[in-house]
Amino acid sequence: MLLMLEDEHKEHLAFLTSVGLDVVQEFCKISLGFIKKGSNPKMYQAAASKLGVDAETVMHGVEGLMYLFTESSKLMVNEIDFQDSIMTLGFPEDLKGLLLQQYLENRKEIRCILSEMSMDLPQYHNLEWRFDVKLASRSLKHQIDPTILLKLHIADSGERHTQVLQTDPSNLVHMTNVLDKALQEMKSQHCRRIVRNI
Amino acid sequence: MELSTEVTDGLQLSGDSAHIPDSVFGALVESVCDDLLNRENGGELQIADKFGSVDKASLKEAYAALMTFSLECAKNNADSSNISSVLEDCKFTTERIKTFTNIFLEKKSHIQALLGSVSHNPPHIVDVDWRLDYYIKNNHVDKVNQPTYLITLKTEECGQQDTKDVQFACTMEQLQDLVGKLKDATKSLEKASQM
């Protein structure tokens, strides 16, 4: 899948051809740092005065790279498509090589950051179980009531919470069977076919 | 089995045919057991025609004593010999002891089941629903391509009519982990039942 770069974006990135490769490398480092930790506008001013250009140009350069990296990571653009996509920028070979290298090195981490931002449902984290037999209670002495206590750990947008549930032997067996069947369903022809074709 | 003097007094009264005639006693014991099991009734004594002209105050006292006694018997899993020894002390005739024992023992296991459910429990899982999705993409990431299970545990809680849902999502690996743990629990349960 090719990345469609807009003209404005191309303009912003064009600045990178006017500086040395080591400066571009520094720009890449800064933009990747911003993606991971959030941006820090103070850095634009410092870099701009060092390079003798205005802060806005630096900002556009860094943001252009951030956009390039995040969009390609989002779409999981492969190596060849990435090279083809940035061809339209008219960069020299070594600069393209550097961008590709930086992209491939950081793609996994950027995707990780992006997936953290995505909408998430309460997610299973862990299950602890315990087997008890109720022997007596205030209202009834001499009873034998096997109980399985379950502590369910659920992760919900970074926070963990636990819930204590209980069940009886026949429901435990039932639940195990139903969920085991659910697991087998993924191996069914129907599911495999869909997964293969997407 | 320990009974308060109030209850023993009440039992003595219900054993006394001057207050509770023989014709009414059986019906009284039956309505005690039925009211215990039929909670919608709220345990209120339905003074029906079958009790005829029996003095209402005596009827009430006898009813309360028999109900407490039945609950105590069920709670302590009393058998016919335990029951008769208490009732003999309360001057019941053999005939009345037999009437009470017959009616009560038939209902005992039901009353015990009811008493067993009176306690504070965590939500009790009674069923599970699942749905399998293939997570393709979202607004931040494309090509996520991951099977995702949505699991709903149906739970019942003490004193509540409706089931409540506990919902969570899990990946295939997480579901494998969950099923593995449930299988462990099932296995150790089977082992325990063979002991």
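How many salt bridges does a search of the whole structure find over all chains? The search turns up 12, counting a side-chain nitrogen of Lys or Arg within 4 Å of a carboxyl oxygen of Asp or Glu.

A quick note before you click: this is a predicted model, where local features need pLDDT of at least 70 and side-chain atom pairs count only at pLDDT 80 or more, while totals for chains, interfaces and linings use all residues. Residues are numbered from 1 along each chain as its sequence is written, chains are lettered from A and ligands numbered from 1 in the order in which they are written, and side-chain values use heavy atoms, leaving out hydrogens and water.

**Stop 1: colour by confidence.** For the complex, the predictor gives an ipTM of 0.77 and a pTM of 0.76.

**Stop 2: show both chains.** Here 58 residues of chain B are in contact (heavy atoms within 4.5 Å) with 54 residues of chain A. Together the two chains bury about 5100 Å², and 67% of that is on carbon and sulfur atoms. Buried area is the accessible area (1.4 Å probe) that two parts lose on being put together, summed over both.

**Stop 3: zoom in on one pair.** Select A:Asp180 and B:Lys183, whose side chains meet in a salt bridge at 3.2 Å, N to O. The pair crosses between chains, from helix H6 of chain B to helix H7 (residues 169-185) of chain A. Across the interface, the rule finds 1 salt bridge.

**Stop 4: widen the view.** Between chain B and chain A there are 28 residue pairs in polar contact, both residues being at pLDDT 80 or more. Next, pick H6 (172-194) of chain B, one of the elements that supply at least two residues each to the side touching chain A. H6(B) gives the most to that side, with 16 residues. The residues of this side divide into 32 nonpolar, 18 polar and 8 charged.

**Stop 5: select the annotated spans.** UniProt, in an unreviewed entry, lists "domain: COMM" for residues 123-190 of chain A. The end C-alpha atoms of that span lie 25 Å apart, and the span is 28% helix and 49% strand. In chain B, the UniProt annotation "domain: COMM" (unreviewed entry) covers residues 124-193. Its end C-alpha atoms lie 21 Å apart, with 31% helix and 44% strand.

Terms used: A polar contact is a pair of N or O atoms within 3.5 Å; within protein, one must be able to donate a hydrogen and the other to accept it, and residues adjacent in sequence count only if both atoms are side-chain atoms. Helices (H or I, at least four residues) and strands (E, at least two) are DSSP runs, numbered from the N terminus. Ala, Val, Leu, Ile, Met, Phe, Trp, Tyr, Cys and Pro count as nonpolar, Asp, Glu, Lys and Arg as charged, and the others, Gly among them, as polar. UniProt positions are given in the numbering used here, feature names are shortened, and annotations may be inferred rather than shown by experiment.
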